[in-house]
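Student: I would like to study the pockets of this protein. Can we look at the structure together?

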Amino acid sequence: MPSRLVSFVLALLLLSTGGVAAAQGTEGARAQWWSALEACSSQNRAACDQAVELAAQLFERTDRDVATTWMKACLAGDQDRCEIGYRRFRNTSFEGDDHPISHMFARVSCYEGMYDLCRPWDDFDTTDPAKRAIVMADLCMQGASPNTCYQALSYFRDEKGFYNVITYDLSETLCERYGSGSACRVWAQALETNWDHRRAYQFHKRACEQGLQESCPDAARLKKRVDYENNKRWQAEDDRRQREAAAERTANWRSQTTIEGYAASSYSSSSITPFGSSPSDIANWQRFQRNLCLGNPTTVRC
């Protein structure tokens, strides 16, 4: 009996020791997972892979912790996990979230250039190309991949009305940010349509210099117009300077003639008589008129 009791106690001791070791192993793995998750970044993709592997061992397939780990790897630039994460967590929601976690995977994928996953938050299953293009355009203006930007521009460039604003922004962004000759041409065409031919010339010229031959004739045509307007502006400016210089010379000459005794510049058209408007000037003028009549009574003034 004592030997049996000893065996039983030893068995219990072994079981309890194994349970503690397993618990300690789990806690160690969780700590390792959390450390790898915090270290996960675009500069440390190895930590992302380690965090994903540990999460698969520690949690259920669609747990929040697994989804969070995949999202961190997705944000770090792992495009495969962005796309697969969208499908793996499709319609998976967690408490406190307004949208399924798959929406976030899709939005990051859209930002990174996978424009087929560009969807509006409030109508994620839409097939409306305009709604999806607006999402692409919005993310493009926030710095999204050129793929997403080009796809949005291909939709909006032929649209009319208020969509022109989006065409403006997309084409200018692609032209300035990525040096796209085709986008520079779209931007130049939009500028010329809205009577800004000077800037249109600049962007047609840029598109031409970047190898887009279609813009070369437009750049040459607009250059002639810009040069013609510049010449007119320069001529008008030269004429203005000449007029101001002539007026200044005349003013200097008049002041000099006044000094020399020429007082005609002080003549006022409001004078009552040629001599002035003072009482003595009027009296003298009347005396002149009377003497004139006495000398020639037949004059029409008498």
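**Pockets and their linings**

Tutor: The largest share of the lining of the largest pocket, four residues, comes from α9. This is a predicted model, where local features need pLDDT of at least 70 and side-chain atom pairs 80 or more, while totals for chains, interfaces and linings use all residues. Residues are numbered from 1 along each chain as its sequence is written, and side-chain values use heavy atoms, without hydrogens and water.

Student: How much space lies in the largest pocket?

Tutor: On a 1 Å grid over the protein atoms alone, a pocket is an open set of points where a 1.4 Å probe fits, with protein on both sides within 12 Å along at least five of seven lines. Its volume is the space filled by probe spheres set on the points, joined across faces, edges and corners. For the largest pocket that gives about 250 Å³.

Student: Which helices each supply at least two residues of its lining?

Tutor: Lining residues have an atom within 4 Å of a point. Helices are DSSP runs (H or I, at least four residues), numbered from the N terminus. Tyr-168 and Gln-189 are among the lining residues. The helices are α8 (163–178) and α9 (181–193).

Student: Which helix gives the most to the lining of the second largest pocket?

Tutor: About 160 Å³ of space lies in this pocket. Its lining includes Arg-64, Met-71, Phe-94 and Met-104. Both α3 (64–75) and α5 (101–111) supply at least two residues. The top contributor, with four residues, is α3.
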